[in-house]
Amino acid sequence: MSPRNVEKDQLLRETRREHILDCALQVIAKQGIDSANVKDIAKEAGLSVGNVYNYFNSKDDIFSAVLQRGQINYGRKISDHALLELDARDKLHEICESWIATPENWAFTIMLQSIRTNETVNPELREAATRRFTANLEPMAEIMRQGQEAGVIVEGDPKQLAFYFVSLIQGLTLQLAPGYEIPVSIQAKTIVRLFSQPENSRKK
């Protein structure tokens, strides 16, 4: 097989793998961790069960890949924002707007919480999810520290503030599940204001 065909096959395999993960996320969000199975994921993806097993060894393998992909991508995004030469409030605003505007985040949030709280889930999967969640608080805490040093973010433990901020936007995401939306607008500027110093108390 020519190098070009090998590269084409690899790209096709990676595209198919990502498609399976996207479909798995939707199935998990709709049916929950306990009810979701490879057969349902295959049906959602328009593939045979055997074809799915060409890419993943088990249901837990699929769950782990979905979660790892989402958490790693999220962590990289927050780390990139922490390095930007912007007001910390603008960084928080962009993160919040992007999170709320991403259609699949409601499903990812449901999956993350289900895996972290469901005792029937593989303990290693639960621990890995919690470990990555905790690690991802660090770049968010750095943004909070930057804002505190500039006098625009409220005082307090930066990591604790990061935890509050992430928990708030993830919780709001759950209200955006299709068919169950709450008819109240979610405004990033209002959320960021909760973590901002009042104008008259900022450092001169």
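Biologist: How many cavities of 30 Å³ or more does the count come to?
Modeller: This is a predicted model. A set of points counts as a cavity where a 1.4 Å probe fits but cannot get out. With a threshold of 30 Å³ or more, the count comes to one cavity.

Biologist: What volume does the largest cavity have?
Modeller: Volume here is the space filled by probe spheres set on the grid points. For the largest cavity this gives about 80 Å³.

Biologist: How do the residues of the lining of the largest cavity divide into nonpolar, polar and charged?
Modeller: The lining consists of Gln71, Tyr74, Trp99, Phe108, Leu112, Phe133, Asn136, Leu137, Val166 and Gln170. Tyr and Trp count as nonpolar in this scheme. The division is seven nonpolar, three polar and no charged.

Biologist: Which elements each supply at least two residues of that lining of the largest cavity?
Modeller: The chain has 10 helices and zero strands, so any element named must be a helix. Those that each supply at least two residues are α4 (59-82), α6 (105-117) and α9 (158-173).

Biologist: Which element gives the most to the lining of the largest pocket?
Modeller: The largest pocket holds about 390 Å³ of space. Two or more lining residues come from each of α1 (3-35), α4, α5 (88-101) and α6. With seven residues, the element that gives the most is α4.

Biologist: How many charged residues are there in the lining of the largest pocket?
Modeller: The pocket is lined by 17 residues, and Gly70, Asn73, Thr102, Glu104 and Asn105 lie nearest its centre. Glu counts as charged, whereas Gly counts as polar. The lining divides into seven nonpolar and six polar residues, and the charged ones number four.

Biologist: Is Asn105 buried or exposed?
Modeller: Asn105 lies in helix α6 and is among the residues nearest the centre of the largest pocket. Its relative accessible area is 9%. Because the cut-off for burial is under 20%, Asn105 is buried.

Biologist: Which residue has its backbone oxygen 3.0 Å from a polar atom of the side chain of Asn105?
Modeller: Leaving aside neighbours within four places in sequence, Asn105 is in contact with Ser98, Trp99 and Thr173. A polar contact needs N or O atoms within 3.5 Å. The backbone oxygen at 3.0 Å belongs to Trp99.

Key:
Residues numbered from 1 in each chain as written. Predicted model: local features only at pLDDT ≥ 70, side-chain atom pairs only at ≥ 80, totals over all residues. Heavy atoms only, no water. 1 Å grid on protein atoms, 1.4 Å probe; cavity = no way out; pocket = protein on both sides within 12 Å on 5 of 7 lines; lining within 4 Å. Helix = DSSP H or I, 4+ residues; strand = E, 2+ residues; numbered from the N terminus. Buried < 20%, exposed > 50% of the residue type's maximum accessible area, 1.4 Å probe, protein only. Polar contact = N/O pair within 3.5 Å; in protein donor to acceptor, adjacent residues only side chain to side chain. Contact = heavy atoms within 4.5 Å.
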